[in-house]
Amino acid sequence: MKGRTFTKMHGLGNDFVVLDCLDGASVPSGKIITELCDRRFGIGADGVIAILRSSEADCRMRIFNSDGSEAQMCGNGIRCVAKYLYLKGLVKGSATVETLAGVRRLSFDESCSLITVDMGLPVTEAARVPVVCSDDVMLDCPVECSAGTVGVTAVSMGNPHGVVFVDGIDDFLVFEVGPELEKHAMWPQKANIEFVSVGPDGGFDVRVWERGAGETLACGTGACAVAVAAAATERGSYPFSIHLPGGILLVDRDASGHVLLTGPAEVVFRGVVNF
């Protein structure tokens with residue numbers, strides 16, 4: 001057994017065990033990641049983030065879901081990485097982070113209370129999301145599930161998302177339909193599923209069933225996917241205020257079409273764990 005220091009962090013309740021591997025320390029196995037994320041027998045988290053050295057950016061982020069699988073990108077997780085680098089005195093005002101979805105640039109104020117991530121260009125081409133679809137783009141495509149027929153819009157923000165606009169969101173949708181759609185045959189790599197209710201005031205209420213993690217209190221890439229889907233289906237326009245169980249994320253886009261995600265990241269506690 002070897003003691004490893006860790007930092008518990010969260011972005012709007014989407015929580016992570018952050019491991020500093022900048023000194024060359026190894027990334028734990030999928031089995032250990034699952035044990036670390038266990039909320040009864042471990043530290044408890046939606047995922048594990050390993051921060052490693054990078055030749056292309058200030059650091060490299062590897063993000064693992066609570067089931068041990070690796071994700072390409074995480075909007076809340078990458079803000080936690082920026083906050084960690086800031087608190088370590090390694091960056092000031094901005095940071096670059098290498099991910100499986102490419103290098104992402106982040107900017108923040110002097111206290112790093114709000115962090116904006118340039119999430120890059122969204123992908124809606126079905127073959128690149130990827131999603132199996134008869135059309136080049138999947139917009140409100142009817143899909144049969146246990147809730148009947150729902151309309152699914154496919155978006156990639158470095159990872160695949162299925163956005164479902166509904167009149168109201170309940171536990172049946174999230175906990176029954178969510179995993180059903182996550183593993184639907186149309187997704188070659190499975191997908192994150194967002195259920196979205198648009199209120200009379202134009203507000204967007206969202207609950208997310210994350211691939212490999214289950215429901216989380218917030219999902220950064222999911223919030224971006226909702227904004228892209230809402231704009232593409234003419235349900236709203238930028239900037240968007242996305243209301244999630246853990247709080248509000250702001251989504252905008254710049255002149256080049258890059259999606260910009262803004263929200264907080266916080267340290268919960270630090271400790272040592274044996275594995």
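Arg-4 is buried (under 20% relative accessible area, with over 50% exposed and partly exposed in between, for a 1.4 Å probe and protein chains only), yet Arg-4 has no salt bridge, and the nearest side chain of opposite charge, Asp-23, is 6.5 Å away. A salt bridge is a side-chain nitrogen of Lys or Arg within 4 Å of a carboxyl oxygen of Asp or Glu; Lys and Arg count as positive, Asp and Glu as negative, and His and the chain ends are not counted. This is a predicted model, in which local features need pLDDT of at least 70 and side-chain atom pairs count only at pLDDT 80 or more, while totals for chains, interfaces and linings use all residues. Residues are numbered from 1 along each chain as its sequence is written, and side-chain values use heavy atoms, with hydrogens and water left out.

**Around Arg-4**

- Arg-4 belongs to strand S1 (residues 3-11); strands (E, at least two residues) and helices (H or I, at least four) are DSSP runs numbered from the N terminus.
- A polar atom of the Arg-4 side chain lies 3.1 Å from the backbone oxygen of Ser-26.
- Beyond four places in sequence, the contacts of Arg-4 (heavy atoms within 4.5 Å) include Leu-19, Ser-26 and Phe-275.

**Pro-28**

- Pro-28 sits in the loop between strand S2 (14-20) and helix H1 (30-37).
- Pro-28 has a relative accessible area of 9% and is therefore buried.
- Not counting residues up to four places away in sequence, Pro-28 touches Leu-19, Ile-33 and Phe-275.

**Nonpolar cores**

- A nonpolar core is a set of buried Ala, Val, Leu, Ile, Met, Phe, Trp, Tyr and Cys residues joined through side-chain atoms within 4.5 Å.
- The largest core has 54 residues, of which Ile-242 and Val-251 touch the most other members.
- Helix H4 (residues 220-232) gives the largest share of this core, 8 residues.
- Another core, of 22 residues, lies apart from it and has Val-131, Val-150, Val-174 and Met-186 among its members.
- In soluble globular proteins, nonpolar side chains tend to be buried together.

**Cysteines**

- The structure holds 0 disulfides, a disulfide being a pair of cysteine sulfur atoms within 2.5 Å.
- For Cys-37, which is in no disulfide, the nearest cysteine sulfur is that of Cys-74, 12 Å away.
- Cys-37 is at 5% relative accessibility and so counts as buried.
- Cys-133 is also in no disulfide, and its nearest cysteine sulfur, that of Cys-141, is 4.9 Å away.
- Cys-133 has a relative accessible area of 22%, so it is partly exposed.

Technical notes
Polar contact = N/O pair within 3.5 Å; in protein donor to acceptor, adjacent residues only side chain to side chain.
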